[in-house]
Amino acid sequence: MSVELDHASVPVRDRRAAAELLAYLLDVPWAESGTGPFSPVYVNDGLTLDFDEADGAFPVQHFCFRVGEEAFDGILARIRAKGIEYRSTPHGPVDMEINTQHGGRIVYWNEPDSHVWEVLTVSYARQPQQGIQGEA
């Protein structure tokens with residue numbers, strides 16, 4: 001069996017609001033409550049993001065979703081409809097621009113709770129010409 005990420009916890013101030021927003025932006029299902037104290041977002045058939053309320057400080061995390069061109073258009077339209085500021089680089093200024101430097105399209109945003117959310121159409125992390133350590 002291959003190794004697959006099944007779920008990950010995302011610390012936030014308001015689990016319900018954060019889960020609902022991400023599910024809306026990605027156009028995927030979510031639930032107000034799930035197993036344990038989480039509000040799950042069902043990203044796809046194999047990955048769930050469990051939003052968990054944190055009382056104290058928590059580290060900013062980065063989450064990237066690779067999507068098709070049509071899905072990208074829909075996500076960007078929903079980001080704009082919500083009035084969410086976005087940018088073309090992970091940590092740069094808000095420029096309301098789309099990055100096209102890697103052969104596809106990329107946008108980043110930080111709502112809610114300052115996590116870095118990214119959506120792209122072509123992976124720059126897995127270029128076809130690069131070998132991956134551990135592959136036979």
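A hairpin of two residues connects β2 to β3. The model is predicted, so local features require pLDDT of at least 70 and side-chain atom pairs pLDDT 80 or more, whereas totals for chains, interfaces and linings take in all residues. Residues are counted from 1 along each chain as its sequence is written, and side-chain values rest on heavy atoms, with hydrogens and water left out. Helices (H or I, at least four residues) and strands (E, at least two) are DSSP runs numbered from the N terminus.

Strands of a sheet pair through backbone hydrogen bonds, either parallel or antiparallel.

β2 and β3 run antiparallel and are joined by six bridges. Along this pair, F38 stands opposite D52 in β3, and Y42 stands opposite T48 in β3. Five of the seven residues of β2 are buried, so the strand is mostly covered. Buried means under 20% relative accessible area, exposed over 50%, and partly exposed in between, with a 1.4 Å probe and protein chains only.

S39 is a residue of β2. Why does S39 count as buried? Its relative accessible area is 0%. Not counting residues up to four places away in sequence, S39 touches R15, R16, A19, A31, E32, S33, L49, D50 and F51, where contact means heavy atoms within 4.5 Å. The side chains of S39 and R15 also make a polar contact of 2.8 Å. A polar contact is a pair of N or O atoms within 3.5 Å; within protein, one must be able to donate a hydrogen and the other to accept it, and residues adjacent in sequence count only if both atoms are side-chain atoms.

T48 sits in β3, which covers residues 47-53. With 17% relative accessibility, T48 counts as buried. Leaving out residues up to four places away in sequence, T48 touches D6, H7, A8, P40, V41 and Y42.

Next comes helix α1. Its 12 residues should span 16 Å at 1.5 Å a residue, and the end C-alpha atoms are 16 Å apart, which agrees; the expected span is 1.5 Å times one less than the number of residues. At the start of α1, a side-chain oxygen of D14 comes within 3.2 Å of the backbone nitrogen of R16. Just after α1, D27 has a positive phi of about 60°. The buried residues of α1 are A18, A19, L21, L22, A23, L25 and L26.

The largest nonpolar core has 29 residues, of which L22, L49, F51, W109 and W117 touch the most other members. A nonpolar core is a set of buried Ala, Val, Leu, Ile, Met, Phe, Trp, Tyr and Cys residues joined through side-chain atoms within 4.5 Å. At least two residues of this core come from each of β1 (7-12), α1 (15-26), β2 (38-44), β3, β4, α2, β5 and β6. α1 gives the most, with seven residues.

β5 and β6 (residues 116-120) run antiparallel and are joined by four bridges, and I106 stands opposite L120 in β6.

The segment after β6 contains T121. T121 is buried, because its relative accessibility is 13%. Its side chain makes a polar contact of 3.5 Å with the side chain of E69 and reaches the backbone nitrogen of R105 at 2.8 Å. Not counting residues up to four places away in sequence, T121 touches R66, V67, G68, E69, F72, G104 and R105.

Definitions and conventions. Two strands pair if DSSP finds at least two bridges between them.
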